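Here is a friendly walk through one structure, written for someone who likes to think in rings, angles and contacts. Have the viewer open as you read.

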Amino acid sequence: MSSQLKIIPELCIGCRSCELICSLENEDLMAASGSRINVISFIESTALGMPYHLPVTCYQCADAPCLKVCPEDALKRNKDVVHLDLEKCTGCRQCIKACPFGVIRWDDNFKKIVKCELCNGAPACVDICPSGAILFEAPNFEKPESKSLDFKKSRPFYAREKAFEIQAYQALKK
Amino acid sequence: MNEAFPAGGYHKKLLRINLTTGMIQSEEIPVEVLKSYIGGTGLGIYLLYSQVPTGALPLGPENNLIFATGPFTGSLVPGSGTYSVMCKSPLTGYAASAQANGFFGARLKAAGFDALVVQGCSEEKVYLYIDSNTAVLKSSEFLNNKGAFETDKKLRARHNEKGYEQKISIACIGPAGENQVRFAAISSDRGHMAASGGVGAVMGSKNLKAIVISGDGPIPTAPGKKNEIKKEIFRWREESNASGLGKTVHEKGTLGLFKPYHDKGWVPVKNMTTNQLPEDTLAKFDWEYIQNEVYEKVPRACHTCTFTHCHTVRVKKGPSKGFIGEEIEYEILAGYGSNWGISDPGTITMLNGFIDDLGMDAKEVSFLISMLMEGRQKGLIGKDDLDGIDLTWGDVDAVKQLLEKISLRKGMGDVLADGVARTVKALGKEFDKIGVYVKQGNAPHVHDSRTRWGTLFTQIISNTTSQEGMDMTGRGNPELGITKPTADPDRYLAEVQTKTGPKRQFEECLAFCYFQACSLKQMVQTLNVITGADFSAESCLKIGERVINLLRMYNIREGLSMEDDSYSHRLGQSPTDGPGKGKSLNSTFNEVRQAYYEMMGWDNRGVPTAETLERLNLTFSHIEKVR
């Protein structure tokens, strides 16, 4: 299996550099709205009251629901990446409804559907992340380690994992 | 200058909000202005000089409140969420320039504007909502006298980001701003304070409680330069990460500075009556102890931060156990800790949150309270003079009670709410001997700057109510031609100020986080790539010099004289102990000040000469035209 994006929310600092580099790489323009990766910072009612940053992007699902609903056949799987053919896309937004993670978006500034296609095999967000929260590597089942800064030492790691569980649950309920 | 400017970096648009008439309109910013002043503080002082009438009352409807961003704001440049607030300061009566980081600046830019100009005064209390399509004023009655954090929470919930943050930023004032406390701050993104010069009081005087911005639109950059822009940004990141702060700040914060500063005698203790702390207190102010033992922390970075300076912390021990707030900085530790005789870092963290919530400037609060504490100790003021509050060294409850009174201007708080310099006048007695302020009328940053010459001098002659240049005490800067540390307060001090001032003010025009700074060369290269301009290092320093001179001309227009380039009695006293014992700026100050005027091309009263103004293209013809 080829490389995948791995996101470690515990390491995310919430600087949103990934959003801008993604948009710059793919749209030749820095705009958070044009980004295929988005950071949500939970700031209230979190476990222990501490903020929590959650970067989300397309998981390139093996059995992708968006593929099945597209009436124009604009979404196609090519090896491990789900590609969107903008020539075919009519903007009907069925894929947005079908996506279980809410990571396919209609962008109002660019008037089109945006979704992550892994920047043709070299995702720009990986290099820009200052804390190593976004990795691009072949899947392994060991716990991934931070690329550069090691925040774990200074962070209540357990509390953060608990916070994540609760937040993910609340996000699902919404 | 080539024709292409500006190919990027600007929307060339400002939003003018007239609160008296309720009219909101978008205006074009002339390219000529952007070329000459770049943005941020430069754009701000241009707008202030040209659009606020001479002699306008700082807290009256004629004063304007200007939020200005720079060409980098909102882009990938490290720390580019910064914005500059400018207005006529209610503290000094001269120009105020305050900056805050976070996301507010970036989102203002993403909503499609380079600057906001708020003028007039609303009849009822309102807040302003802006996104890329709309700008509306809404009633803020439900937020009256609410703290800055609660205001953020409630407005966020109203605008569809309940409990989380994705594209909304809020800049607001707390009760201090609403009640026009002269050192009130503007708080953005929950705890990032634009504090200097009392900008929050001006916002309060306009009955504007908050500005809510929803922005995730495009940040203009020169088209087709994707790879160049990426290259410059990665270079900048490397440089800033290799700098002294870049290597340590994610771990130590600025708290790592406390011990070295203390060893040099730069930490104010009990209103500068000494600068030496007892060993046991010093051990509690150690960064390792605070970061590991006192609280646990999680990162809450600003826009495009590259090394996580800011964290949210939860106090683990002591009387404030369980308090959740912002990580404290060196200046807070010194200001609310050593300067007030408080030694528990957890309590200082709590006070930091408390004062941010009221919305006040830390440096003014610190020296105001410490002055009263010293006055109490010396019998200059009694318990009854402070409405029954027994303000002794280290009394946290008394401090909180008094600050709450100040923020509401109740009882004695009404007098104290005018800041250190005015309080000295109001209380009389010996207070002029113990008050810490520069003669323009604002408190300096929280250092014992009596022997930290660079920091002291740059604030004495500052035209911004804060530091105008950079302190090069103890380190040089080859790029600016500063080769030796300023060990003594001699003529060299003036030279250092002349060289660092333009660079610092140029940086303030670009508007990015000071901590993420890189070399001037890298800054100029990035500016050229993003805007398609062809600036050189010299032309950029000239812009900085132009900004200083325009600030100076504005202040002179509003009545500044060379007597204002001075400092209070306490700041001239020699420290009674510590490494700086016996030293003082007093003996050489007049000479240094004259040397500085001369080097800046000003006359011997500190007024820019006609030649200097002409050299900097400050002929005022274009300014007169706009007015």
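## A predicted model

Please keep in mind that this is a predicted model. The values below are computed from its atoms.

## Chain A in outline

Let us begin with chain A, which has five helices and nine strands. Read from the N terminus, its elements follow the order β-α-β-β-β-α-β-β-α-β-β-α-β-α.

Of the 174 residues in chain A, 49% are buried. Among the contacts in chain A with a separation of 6 or more, 54% come from residues 24 or more positions apart.

## Aromatic pairs

How many aromatic pairs does a search of the whole structure find? Over all chains, the search gives 21. One of interest brings together B:Y83 and B:F104, whose ring centres are 4.9 Å apart; their planes stand at 55°, so the pair is tilted. B:Y83 has 0% relative accessibility and counts as buried. B:F104 is buried too, with a relative accessible area of 0%.

Next come B:W236 and B:F512, with ring centres 5.1 Å apart. Why is this pair called edge-to-face? The planes of B:W236 and B:F512 are at 90°, and planes over 60 degrees apart count as edge-to-face. Here 276 residues separate the partners: B:W236 sits in helix α7 (residues 226-242) of chain B, while B:F512 is in the loop between α20 (491-510) and α21 (520-531) of chain B. Both B:W236 and B:F512 are buried.

Helix α24 (residues 589-599) of chain B has B:F589, B:V592, B:R593, B:A595, B:Y596 and B:Y597 as its buried residues. The cover over the buried residues of α24(B) includes α19 (453-460), α20 and α22 of chain B. Just past the end of α24(B), B:G601 adopts a positive phi of about 75°.

## Charges over rings

Two arginines are worth a look in the viewer. In chain A, A:R93 lies over the face of A:W106, at 4.0 Å from the ring centre. In chain B, B:R504 places its charged end over the ring of B:Y514, 4.2 Å from the centre.

## Helices that pack

Helix α2 (residues 40-51) of chain B packs against helix α22 (residues 537-557) of chain B at an angle of about 30°, and their axes are 10 Å apart. Angles under 35 degrees count as roughly parallel, so α2(B) and α22(B) are described that way. The crossing of α2(B) past α22(B) is left-handed. From α2(B), the residues B:T41, B:G42, B:I45, B:Y46, B:L48 and B:Y49 meet B:V547, B:L550, B:L551, B:M553, B:Y554 and B:R557 of α22(B).

A second pair consists of α7(B) and helix α8 (residues 244-252) of chain B, at an angle of about 70° and with axes 3 Å apart. That angle makes α7(B) roughly perpendicular to α8(B). Here B:S240, B:N241 and B:A242 of α7(B) meet B:G244, B:G246 and B:K247 of α8(B).

## A buried glutamine

B:Q505 is found in helix α20 of chain B. Is B:Q505 buried or exposed? With a relative accessible area of 1%, B:Q505 is buried. Leaving aside residues up to four places away in sequence, B:Q505 touches B:T41, B:T464, B:Q467, B:E468, B:G544, B:V547, B:I548 and B:L551.

## Positive phi without glycine

A:S45 is not a glycine, yet has a positive phi of about 55°. A:S45 lies in the loop between β3 (38-42) and β4 (52-56) of chain A, and at 63% relative accessibility A:S45 counts as exposed.

B:N145, also not a glycine, has a positive phi of about 55°. This residue lies in the loop between β8 (135-139) and α4 (148-158) of chain B. B:N145 is partly exposed, with a relative accessible area of 41%.

Terms used:
Residues are numbered from 1 along each chain as its sequence is written. Chains are lettered from A and ligands numbered from 1 in the order in which they are written. This is a predicted model: local features need pLDDT of at least 70, side-chain atom pairs count only at pLDDT 80 or more; totals for chains, interfaces and linings use all residues. Side-chain values use heavy atoms; hydrogens and water are left out. Rings of Phe, Tyr and Trp (its six-membered ring) pair if their centres lie within 6.5 Å; planes under 30 degrees apart count as stacked, over 60 as edge-to-face and the rest as tilted. Buried means under 20% relative accessible area, exposed over 50%, partly exposed in between (1.4 Å probe, protein chains only). Helices (H or I, at least four residues) and strands (E, at least two) are DSSP runs, numbered from the N terminus. A charge sits over a ring if NZ of Lys or CZ of Arg is within 6 Å of the ring centre and within 35 degrees of the ring normal. Axes are lines fitted to C-alpha atoms, for helices over the stretch in contact, and angles run from 0 to 180 degrees between N-to-C directions. Angles under 35 degrees count as roughly parallel, over 145 as roughly antiparallel, 65 to 115 as roughly perpendicular and the rest as oblique. A crossing is left-handed if the near helix is turned anticlockwise from the far one by less than a right angle, and right-handed if clockwise. Contact means heavy atoms within 4.5 Å.
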